[in-house]
Amino acid sequence: MQSVVKNLKIYNSISGKKEIFSSVIDNHVGMYVCGPTVYSNVHLGNLRTFTSFDIIYRYLTHLGYKVRYVRNITDVGHLENDEDQGEDRISKKARLENLEPMEVVQKYTYDFHETVRKFNLLPPSIEPTATGHILDQIKLIKKIIDEGIGYEVNGSVYFDVFEYNKSNNYGILSKRNLEDLIHNTRSLDGQSDKKNPQDFALWKKAEPKHIMKWDSPWSEGFPGWHIECTAMSNKYLGDIFDIHGGGIDLKFPHHECEIAQSNVCFGTNAANYWVHANMLTLNGQKMSKSTENNILPDEIFSSGSPLLSKTFSEPTVKFFMLQAHYRSILDLSDNALLASEKGFNKIIDAINMLENLKSYSDKTSDFDVEKWIKGCYDAMNDDFNTPILIANIFEAVKFINKIKAGSAKISEKDYKMLSETMDSFVFDVMGLKKTNALQKGNDKLDDVIDIILELRNDARKNKDFSLSDKIRDMLNKKGISINDSDKNSSYTID
Ligand SMILES: [Zn+2]
């Protein structure tokens, strides 16, 4: 296993290259991922991001690393436009829904946890909240002021990007340079207290009616969005840790600002590897609530959407996401989900068949299992390349189907290795689940469908074909196909 560990390469957004992974502390990995801002239901794009980091967490653990995975909950300070203007997203939602801000936080934290649990994402080792770390944030803001990079105006504190850039590189991650940023930033027409529009807020003074506010040396107020991640990642992972991740939309300004804060406070870029998961589009376009080109996770899994012909199980949707590399844009469509469903079921059928295999050949196999296992590790070691891993798994599926058809054989030793590796990559590393409500062989489901088929047969006998067709079509929509013979009917799950 040691040689496998040494071969792991991760694409680092700072260098723009794949780099051999080497951890700060041997056999340990510290990983921080920017979590959700809990002011609305988690959307599918976020779910893709958290799935990408779940796979990274799972694979590092599989390789034998002891991973401390910190994923925060942003429950204050994330303003509407990602810069420093507009209302706090949680306060705004509370005002619109006539709720306490903490009710908003509770409601959507619960929704987030429910959704990631359904998706079989492992919980992080620590899940800190921004509101639980106000004192840590104040401490860092003081330090930034002491270093001459932060300044206070009217109770708010800002990070002086120009002062910082004199001895550091603001733009090291996003590759934007300050000159271009100046050129592209609209003037704030004196509406802001900032020295320069590029400066970002570390602390904001609250309006008198604002509920979410805390005491500080500068004013009763609340922290800026970027400082929370610097405070929490440093508290639990130290001045320099291994992996910092998030969605690609966070690269600028959020992560660029985190790096700047960390350089002032600790003299490091916070993490050695900055990793970004790409976005999810829907039918070739950006998802957006305003254009109705939008699907919520629950609409795919259970309630249905006008954009889809049927609902899809969580493992199918997760499998669909893993068929693309985490750094590629992934486009979701009905056809793509239908194809993933077929593919995923083929893999599960092959694993079931493998489990029930009773006979092995004596010594020889018609498949080089060791070479195949190496291929699985090579794929994942190449910046967690799940589509190549899945292509490899389909090679094994083909072979298993040949065994089933009697046209190939496998030795007992190879059988064991193949079964174990299939299980560990499909279930442990990719975190897919075999059992879902639509798995044939689920006793209760079989019973229920038998009852429905019996009622449908009665309808057919009574020549009530409109009812029997209706039942067939309704089941079909849920992915259950009815096969009629003269005497009775059977079913298959697509
Ligand atoms: Zn963050």
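Which residue in E6 is the bridge partner of Tyr151? Tyr158 is that partner.

This is a predicted model: local features need pLDDT of at least 70, side-chain atom pairs count only at pLDDT 80 or more, and totals for chains, interfaces and linings use all residues. Residues are numbered from 1 along each chain as its sequence is written. Helices (H or I, at least four residues) and strands (E, at least two) are DSSP runs, numbered from the N terminus.

**The sheet.** E5, E6, E7 and E8 form an open, antiparallel sheet in that order. Strands pair if DSSP finds at least two bridges between them. E5 and E6 pair over 4 bridges.

H5 covers residues 134–146 and has 13 residues. From first C-alpha to last, H5 reaches 18 Å, close to the 18 Å expected at 1.5 Å a residue. That expected span is 1.5 Å times one less than the number of residues. Ile134, Gln137, Ile138, Leu140, Ile141, Ile144 and Ile145 of H5 are buried. They lie on the same side of H5 because they cover an arc of only 165 degrees around the axis. The arc is that of the directions from the helix axis to the C-beta atoms. The face turned away carries exposed Leu135 and Asp146. Buried means 20 or more other C-beta atoms within 10 Å of a residue's own, exposed 12 or fewer, partly exposed in between, with C-beta atoms placed from the backbone.

| Element | Residues |
|---|---|
| strand E5 | 150–153 |
| strand E6 | 156–159 |
| strand E7 | 200–205 |
| strand E8 | 221–223 |
| helix H8 | 225–237 |
| helix H9 | 251–266 |

Just after H5, Gly148 takes a positive phi of about 85 degrees.

Notes: Contact = placed C-beta atoms within 7 Å.
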